[in-house]
Number of protein chains: 2
Amino acid sequence: MVHKRNEGKDDCCEKTHHDSQYSPGYYWLGNDTLKVPLVLHKENRERLVSRMLTNHKDTIEKNSFILLEGGKDEMSYDTDHEPLFKQERYFFWTFGCEIPGCYGLVGLDDKATSVLAIPKLPADYATWMGEIHSKEYYKSIFLVDHVIYTEDLQDYLKGNNASTLYTILGLNTDSGATFKEPEFPGMKENFKVNNSVLFPEIAECRVIKTPKEVEVIRYAVDASVSAHKHVMRTVKVGMKEYECESEFVHHAYKNWGCRNVGYTCICAANKNSAVLHYGHAGEPNASTISEHGFCLFDMGAEYHSYTADITCSFPATGKFSPEQRVIYNAVLDASVAVIQAMRPGVNWIDMHKLAERCILEALLKANILKGDLLDLVKNGIGSVFFPHGLGHFLGLNTHDVGGFVGDCKPKTNSLRTTRDLKANMVITVEPGCYFIKHLLTQALADPIKVQFFNQQELQKYVNIGGVRIEDDVLVTENGCENLSKDLPRTCEEIEEFMKKY
Amino acid sequence: MVHKRNEGKDDCCEKTHHDSQYSPGYYWLGNDTLKVPLVLHKENRERLVSRMLTNHKDTIEKNSFILLEGGKDEMSYDTDHEPLFKQERYFFWTFGCEIPGCYGLVGLDDKATSVLAIPKLPADYATWMGEIHSKEYYKSIFLVDHVIYTEDLQDYLKGNNASTLYTILGLNTDSGATFKEPEFPGMKENFKVNNSVLFPEIAECRVIKTPKEVEVIRYAVDASVSAHKHVMRTVKVGMKEYECESEFVHHAYKNWGCRNVGYTCICAANKNSAVLHYGHAGEPNASTISEHGFCLFDMGAEYHSYTADITCSFPATGKFSPEQRVIYNAVLDASVAVIQAMRPGVNWIDMHKLAERCILEALLKANILKGDLLDLVKNGIGSVFFPHGLGHFLGLNTHDVGGFVGDCKPKTNSLRTTRDLKANMVITVEPGCYFIKHLLTQALADPIKVQFFNQQELQKYVNIGGVRIEDDVLVTENGCENLSKDLPRTCEEIEEFMKKY
């Protein structure tokens, strides 16, 4: 039986998918997982070329190509251990292809002529790695116009009188890292290379998701929502945090085909919920969930390389203490206010400020803080409790690209974008309120800041750790859609949900 | 209650381990997982220094140090996505420390004075990554003599009148990759560096496991055996291969604390069982297990960075067909013969030949091959069916180091070591028999090889795919111990075991 989410999609894959994740034009992991039509990437190519031709029509010469280089298989240190390959994301966005060692060309012409260059494999690849497929096979899978071997890349370009190659080089304005420019033998000698124009254009294309991309993200979010609920049903006082990580990952993989998570699972309980990026190798989710332990679980599964990024916060017992309820509701107020306000044209800095105000108001009401709201804001009390940005674009990267291109305003502290919202952006909304020892110590040592704190009341809360509520939100024409809305989110919903198990 | 395997171990960790994987001198993930005494690494340091001083006493100057550089946190491509950190293995063997960005020194003196150099973290590390611990804290955990900051490395060495620094540089003879020499500001200007002596000595030390190392490997093997059995109970015709991967990984993590696997899981069913390294990103365990599908599942869990490497082969239905039984028993014969013959002094090339002979004999008996056994061997028919080496050292790497140092013989085709066995080596025994299309086609096209094949009989077997039986074996003083012996291994045991579920 075809799952509802796959209705109307090409039936051809039912048979061929017994043997592979691919069939002509589709990626699919069987069972009830999503059939992804790989025409998604053809649409991406067409969008990119159209944007390039529109914005740079006076400078793009005839026979110009976009050139992208995919990721390479790499070994760990000096060993022959090969970590599971993850494709470079610009390349994946453009071609949807998971093969290491590829290049891709997209002609800057009306047809957005696409060429996938794959490595020519030695015969013994078949013994170790699997069947060696023909160029025609890959052409049918990935819906490109031509498949060639990487060794023929230079000849192909010469044969097509290639003039300028457009590449990505330089600062990724989101991560601060530098993009390594593609190269192949003979490139610089034989072709003009323009590496300044492509990055902002392709980044902007990646910001605006197509309906097909949204469908894949929606699926990754559904998988993650389902796995978070599974964890909420499973969690018990006395469990190790990593058992929850294991439950999440297994649920998302076995039932939803998500082999990877978009980022290392943060399964923070007790005081660890105040550590924003807990869960890394140095803090490997190794604590025992204590009786009054508050859980902050930030985990997102990936499908066809698109990822979700969701945080659920709840008491391990399933029953909020009065203090936990106060802080949770402060964050929930912020989340609800932001999601209600989100629509095209709204600036993200304003959304961050809105969230901060909601949290500060709630802390004032709870008598943890005192004074005037505007004074609190002005004196930076918000970032003592809410020291990270409200959210970030989401897509093939957890922190997706494009936060600082186009109409962005200057970077302000920890915000990951400063742009106005547009329809079909997907962005996380993740207000948080934390009791972080060193930030509180700093604030209380500051003669101006300290006067806003009611330290006696504050003491009742410091052991909560922190609360974060993170949803994945699609901006629509008139507002927005919370893709992760099926999670229990109010204290009452959470208590009701966890009571059953 | 203390688990049997942890009896007699320091009780101190019971409390502190609620909050961490560490307590002074121990690594432990709670519940029934293994408490690893970190004195294991102190013993490693002492062994290494003692070996260096013995073998190079005439050339090692006073105040010489071994210098190792740990791994660094790295981002994926140009993003800020940080894959889960894995420590460089020489460094880990010496210090047992999972922190990125460290250096380590071991004095080439009688006390094997140890210095762990850790990065000085910025204050906001506490907000994002977790508590910043003191140097004293790490000293107590890792049982080193001194902890310093990396920025003080040069001063420390100067203050101790360091003469020569011994480093690793050059070809890793096991992987064929090149080891990147450690470096820090001022190293080459201020100190003599010897990068030719250390590699063979430290590699040899890693080959011979201490009782404490064996205990950790034994635990990783127990975890993997338990998880393989769980998969054998769970597998059903019609399941996707990746569901089995997910079951294995979850079982080993949730119940045994194994966050990582030593290598990408190979869950090969149907014809995929003839692909030796199936399961990578290009062939991601995505087939549906068919009615006559033979499963070859090669998976190993890792604990405290020591890994298991185990393969189970069985029919998905739990019932062998006559042909599957013939091939399975051919491989089992080889495995039994090798494990019976293994003891110190035996050469690994001879073990490989013994396994190959067993397999060829069985194929002759089954009438798939014809002719004289010695002629088959001489004409390379063995590697048509068994194209990989019999096994490899196992430890912190799946393909552990030291296969080609010491008394090794020249490399021969696919063997991963050519050495004589010694007590306390841990090595995999993994004979296999596969029907690999392109190898069979090659052989049948060869006028000499073709005459050994009974092609009509061969046809009955080609759809099996392949069989591999892989155990992890400790060489003892008088023979060997199969650490993975608790798996059902004969056809009868497997059928009996799988019948129950």
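Student: Which residues form one aromatic cluster with A:Tyr22?

Tutor: This is a predicted model. In chain A, A:Tyr22 belongs to one aromatic cluster.

Student: Is the pair of B:Phe65 and B:Tyr156 stacked or edge-to-face?

Tutor: The ring centres of B:Phe65 and B:Tyr156 are 6.5 Å apart, and the planes stand at 70° to each other. Planes over 60 degrees apart count as edge-to-face. The pair of B:Phe65 and B:Tyr156 is therefore edge-to-face.

Student: Where in chain B do B:Phe65 and B:Tyr156 lie, and how many residues apart are they?

Tutor: B:Phe65 is in strand β4 (residues 65-69) of chain B, while B:Tyr156 is in helix α6 (residues 153-159) of chain B. The pair thus links distant parts of the chain, and the separation is 91 residues.

Student: Is B:Phe65 buried or exposed?

Tutor: Buried means under 20% relative accessible area. B:Phe65 has 6% relative accessibility, so it counts as buried.

Student: What is the angle between the planes of B:Tyr103 and B:Phe184?

Tutor: B:Tyr103 and B:Phe184 form an aromatic pair, with 6.2 Å from centre to centre. The pair is edge-to-face, and the angle between the planes is 85°.

Student: Which parts of chain B does the pair of B:Tyr103 and B:Phe184 tie together?

Tutor: The two residues are 81 residues apart in sequence. B:Tyr103 is buried, with a relative accessible area of 11%, and B:Phe184 counts as buried at 9%. B:Tyr103 lies in strand β5 (residues 103-107) of chain B, so the parts tied together are this strand and the loop between β10 (178-179) and α7 (187-190) of chain B, which holds B:Phe184.

Student: What is the distance from the charged end of A:Lys411 to the ring centre of A:Phe404?

Tutor: The charged end of A:Lys411 sits over the ring of A:Phe404. In chain B, B:Lys411 lies over the face of B:Phe404, at 4.5 Å from the ring centre. For A:Lys411 and A:Phe404, the distance is 4.5 Å.

Student: Is the crossing of α2(A) and α9(A) left-handed or right-handed?

Tutor: Helix α2 (residues 39-55) and helix α9 (residues 211-234) of chain A pack at about 135°, with their axes 9 Å apart. The contact includes A:Val39 and A:Arg47 of α2(A), and A:Lys212 and A:Val216 of α9(A). The crossing of α2(A) past α9(A) is left-handed.

Student: Which residues does A:Glu356 touch, not counting residues up to four places away in sequence?

Tutor: A:Glu356 is found in helix α12 (residues 348-365) of chain A. A:Glu356 counts as buried, at 14% relative accessibility. With residues up to four places away in sequence left out, A:Glu356 touches A:Val377, A:Gly382, A:Ser383 and A:Phe386.

Terms used: Residues numbered from 1 in each chain as written. Chains lettered and ligands numbered in written order. Predicted model: local features only at pLDDT ≥ 70, side-chain atom pairs only at ≥ 80, totals over all residues. Heavy atoms only, no water. Phe/Tyr/Trp six-rings, centres within 6.5 Å; stacked < 30°, edge-to-face > 60°. Helix = DSSP H or I, 4+ residues; strand = E, 2+ residues; numbered from the N terminus. Buried < 20%, exposed > 50% of the residue type's maximum accessible area, 1.4 Å probe, protein only. Lys NZ or Arg CZ within 6 Å of the ring centre and 35° of its normal. Axes fitted to C-alpha atoms, helices over the stretch in contact; angles between N-to-C directions. Left-handed = near helix turned anticlockwise from the far one by under 90°. Contact = heavy atoms within 4.5 Å.
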